[in-house]
Amino acid sequence: MDLSRRRFLQAAVLTAAAAGATAACGGGSGSSGAKDSKNLTLWYWSGGLSDKVVADAKKHFSDISLKTSVVGGDFKTKLLTGLRAAQSAPDITGIKGEDIASFLPNADRFVDLKTVGADKLVPQYLSWKLKQATTQDGKLIGFPIDIGPCATFYREDLFAQAGLPTDPTEVSAQLATWDDYFKAGVELHKAVPKTFLVNNIGSVFTMVVGQGTQRFIDEDGKFIGDQDHIRAAWTTAVKPYTLGIDAKINDNTWNAAISGGTLGTEIGAAWHALDISNAAPGTKGKWRVASLPGGPSNLGGSFLAIPATSGNPEEAFKIISWILGPENQARGFTDAALFPTAPAAYKLPALTGGDAFFGGQKTIEIFGPAAEKIPAAYEAPADAAVSAPFYSELTSIEAKGKDPDEAWKDAVAQAKQIAQRQGVK
């Protein structure tokens, strides 16, 4: 599985820039036409929901016919095509986390879920995640499937060789800041020369940006990617490179690096555990999970939405709320590594048990508290496109030895050009 979910998300950022972040629901209004209220359709992508829960939903809602389609390829493009006509649009659809912001300006193409029952359920779900699918005038167009609370995955055996703390609680406390983390990386690399701390500095940049309450564009549509909070994230990200603890992996060699001990830690979302275990099954029992340095951050997480053309929005939301109820979210975690958006699920056995790959550690003790403390940050429709030059320039530092200050200037200049083309002030 060379293309891990994280690398897929990073690739999606770069693709968004190249594509120019096409308007989410362009092409005019969908054509009108009555739809059958007893025959509903659900679109999602492979791994986007638990197939077992979806199958059970068909049985649970036996008074209607629920037809499901696992859509391959470019899901967003196919959804946009489907939305152009009422008869081709699904009644319920997934929307990927990296795409939700681009749909908000066209919220009228979707049902405001607060009008069909979501208003009563909102308190049971993470407020910061709901905010990502909420328009500035308060309409909720997506109900959260999953999230990606982030942490530090580390090799306990390699930490022990370097004389570093090995217990997750101690690692969380002693590597609480990014500087503490980098200092440990220097000690690790000195003791085990083949082992590096981070896979690439773009991953650090992603984590630090996600720890803040501002990103690249503010709520007034103004570009702020040249301001102190992004510059500070850049400076932090570059440190592993200058300290010589960056593995500079920006290609398909990650699997070999993770299985062969080239990487002593990984910073990533809860779902990244599946990437690690798939890539390095021989390291089972050697990994542990600690809190992310610098505070909670999130990476990924998607939504279910109801297009405005749905034949039965009320019934559609009943299906959504059943699929995404706490008990079924816990099943989704077991079946598809979908980390729940309803905190009540964190107390259920599917999440409270020990994980053998991580030496029996109850990883929910790290991910659960992080999930509830992730800062809410506005993500503009053009955020992915505008942020892409920063990642390209960080890669240039690693691959070409480009001066970090020059790379910063070039990243800002390119981002401003993209922002201007996107209509960002």
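I take a contact to mean heavy atoms within 4.5 Å. With that cut-off, I looked up the protein chain's contacts with a separation of 6 or more: 79% of them are between residues 24 or more positions apart.

I note that this is a predicted model, where local features need pLDDT of at least 70, side-chain atom pairs count only at pLDDT 80 or more, and totals for chains, interfaces and linings use all residues. Residues are numbered from 1 along each chain as its sequence is written, and side-chain values use heavy atoms, leaving out hydrogens and water.

Next I looked up the secondary structure, taking helices (H or I, at least four residues) and strands (E, at least two) as DSSP runs numbered from the N terminus. The protein chain has 19 helices and eight strands. Its radius of gyration, taken over C-alpha atoms, is 22 Å, close to the 22 Å of the globule rule (2.2 Å times the number of residues to the power 0.38), so the chain is as compact as a globular protein of 425 residues. I found that the C-alpha trace spans about 70 × 50 × 35 Å along its principal axes.

I then checked burial, where buried means under 20% relative accessible area with a 1.4 Å probe, protein chains only. Buried residues are 54% of the 425 in the protein chain.

Last, I turned to one sheet, counting two strands as paired if DSSP finds at least two bridges between them. The sheet is open, with three strands in the order β6-β5-β7 and antiparallel pairing. Its edge strands, β6 (265-269) and β7 (287-291), each pair on one side only. Five bridges join β5 (residues 150-155) to β6. I see F153 opposite E266 in β6.

How values were computed. Buried < 20%, exposed > 50% of the residue type's maximum accessible area, 1.4 Å probe, protein only.
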